[in-house]
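My entries follow in the order I made them.

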Amino acid sequence: TGNRQEGEYAMSLFYRFFASEFFSKFALLLSLIIISRKFAVSDFGVVSFIQILFFYAMMITDQGINQIMIRELGKGTEFNKKTFQLILIRKLTVAVIIVVVVILYAHYFDAANRFVYIYYILGILFYALNFNWYFIGIGKALHASLINIVQTASFLISVLIAYYVMDLEKLEYFSLCYLVSMSIMAICSGLAFYKRFRMLKERTIDHFDEIIMDSKRNFASIVFVQIYVSSNMFLLYWLTDSTQVGYYSAAYRIINVITSVVSVAIVFFLPIYSKYFRWRDENDKNLIDRFLNITMYFSVLVVLGGILNGSEILNLVFGEDYASGNSIFMILTLSSFLAIWNVVLGAMMQAKGFQDKIMKLTGFVAGLNILLSFPFILLSGGKGAALAGFISELFIFIAYSLTISKFLTIKFNRPTISQILLVTLLIAGQIFSKVLEINVLLIIGFYGLVFLWLLKLKSGLLLLREKENVYGRT
């Protein structure tokens, strides 16, 4: 009974974490919608390109340390003050170097958007002071989520004030708003961490070198993943123009909100994966089973809803000017199913200690995606970029599945009558919505109700099974 109550409490924490992170991602999407409505498609393409550069800056600043620390903290590894101090110094040093390089080369940027780049990149200094990874690692993911909500809410509010209350016209104010929100996040995260930092033990350093060595392999994997995720937009910007980037980015942003929520959810479950593979606790396994079923329901509903309502969703979110991106949106929706499961399977491999294999696989796929993107973009523009991404996601899905099958199996149960009825109801509701031309917001709400109903069903479709006499690295 105690284990069951503990499991229910953990899932209730996850649902709150999931909801709060969804709010954060949605608030960020709303700020982009404001830009898409206020400025031209080409300007939206510029903002999207700047955000990709910032993601690279974040990745370089992290150096793969965050995920390794989450994994080790989840296992119960104790760290002293010196370890955290050295990690902070290392991140801040890299962040300062990035800012200096951007400022020195700012004259190469488009003169009209020069300060858009500079203000946005300055946010990396505050990102280095973000300790959300620590709270996630020690099982306090809601702390991290609340800090993210403060950041995204302050960003959205400042954008609304700048462009609708003060009626400012320059794109650079968007970057200034982001810089302000990142400073607020750094203050909140830093103060929350400092309260716990004061209670840490002071002794000679014993884990920093090991963390850095392990993070180097993880960093390479993250770099490769980011390359095959963002190289399509880079190549579109290079081979076509910012308008094509705008169409692709609009479709990608909607899908990215969905897939990134799952990625954040994985961050919540990574410590649970690590504990399970170390201690084989049945309660942890039950939590993983429930998460696998949540992921299955979520990914199927996303694909079904995205394909059947793509044009309506694009028109609702970004307006009629972005209708040309419907075919791109459909391809990216199909890719989202693979991307969601690649995040889940990749986390399992990371928890088992297969960083080297992940690095090799993602490195190969990054190269494959670039090779495919060149001819596909030249032939079909944004649609070609989306198709190259789909093929890359499919390859890595197959590779991850084959690797995991050596030590785990995911068993499929027969669907229950309740599950069959829900799917039938969903299909019937979708058909009637098309015939009656029901507003897409009501359709999205209907999908949400079906998802919540599925969550309440006790019987799941998927069950995790560990193969006997197979011991991976932990």
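**Entry 1: valine 365**

I started with valine 365, which sits in helix α13. I take helices (H or I, at least four residues) and strands (E, at least two) as DSSP runs, numbered from the N terminus. Valine 365 is at 0% relative accessibility, so it counts as buried. Buried means under 20% relative accessible area, exposed over 50%, and partly exposed in between, with a 1.4 Å probe and protein chains only. I then checked valine 365 against isoleucine 227: 138 residues separate them in sequence, and their C-alpha atoms are 9.2 Å apart in space.

I noted the ground rules here. The model is predicted, so I rely on pLDDT of at least 70 for local features and 80 or more for side-chain atom pairs, while totals for chains, interfaces and linings use all residues. Residues are numbered from 1 along each chain as its sequence is written, and side-chain values use heavy atoms, with hydrogens and water left out.

**Entry 2: serine 373**

I stayed in helix α13, residues 355-380, which also holds serine 373. Serine 373 counts as buried because its relative accessibility is 0%. Which residues does serine 373 touch, not counting those up to four places away in sequence? I found Asn232, Leu235, Leu378 and Ala388. A contact here means heavy atoms within 4.5 Å.

**Entry 3: the whole protein**

I stepped back for totals. The protein has 16 helices and 2 strands. It has 474 residues, and 52% of them count as buried. I looked at contacts with a separation of 6 or more: 85% of them join residues 24 or more positions apart. The accessible surface is about 21,700 Å², and carbon and sulfur atoms hold 67% of it. Areas come from the Shrake-Rupley method with a 1.4 Å probe; for residues, only the protein chains shown count as cover.

I went to helix α2, residues 41-62, and picked isoleucine 52. At 5% relative accessibility, isoleucine 52 counts as buried. Leaving out residues up to four places away in sequence, isoleucine 52 touches Ser230, Met233 and Phe234. Serine 231 is 179 residues from isoleucine 52 in sequence, yet 9.5 Å away in space, C-alpha to C-alpha.

Next was isoleucine 87 in helix α4, residues 81-104. Isoleucine 87 is buried too, at 1% relative accessibility. I put its C-alpha atom 8.1 Å from that of isoleucine 65, which is 22 residues away along the chain.

**Entry 4: leucine 394**

Is leucine 394 buried, exposed or partly exposed? At 34% relative accessibility, leucine 394 counts as partly exposed. It lies in helix α14, residues 382-404. Leucine 338 is 56 residues away along the chain, with 6.4 Å between the two C-alpha atoms.

**Entry 5: helix α5**

I checked the span of helix α5, residues 114-127. Its 14 residues should span 20 Å at 1.5 Å a residue, and its end C-alpha atoms are 21 Å apart, which agrees. The expected span is 1.5 Å times one less than the number of residues. Its buried residues are Val116, Tyr117, Ile118, Tyr120, Ile121, Gly123, Ile124 and Tyr127.

**Entry 6: helix α16**

The buried residues of α16 are Val440, Ile443, Tyr447, Val450, Phe451 and Leu454. They cover an arc of only 100° around the axis, so they sit on the same side of α16. The arc is that of the directions from the helix axis to the C-beta atoms. The face turned away from the buried side carries the exposed residues Leu441, Leu442, Leu449 and Lys456.

**Entry 7: the largest pocket**

How much space lies in the largest pocket? I get about 1,100 Å³. Its lining has 34 residues, and the closest to the centre are Phe22, Ile258, Phe298, Ile444 and Gly448. A pocket is an open set of points on a 1 Å grid over the protein atoms alone, where a 1.4 Å probe fits, with protein on both sides within 12 Å along at least five of seven lines; lining residues have an atom within 4 Å of a point. Helices α1, α10, α11, α12 and α16 each supply at least two lining residues. The largest share, 10 residues, comes from α11.

Notes
Grid points are joined across faces, edges and corners, and a volume is the space filled by probe spheres set on the points.
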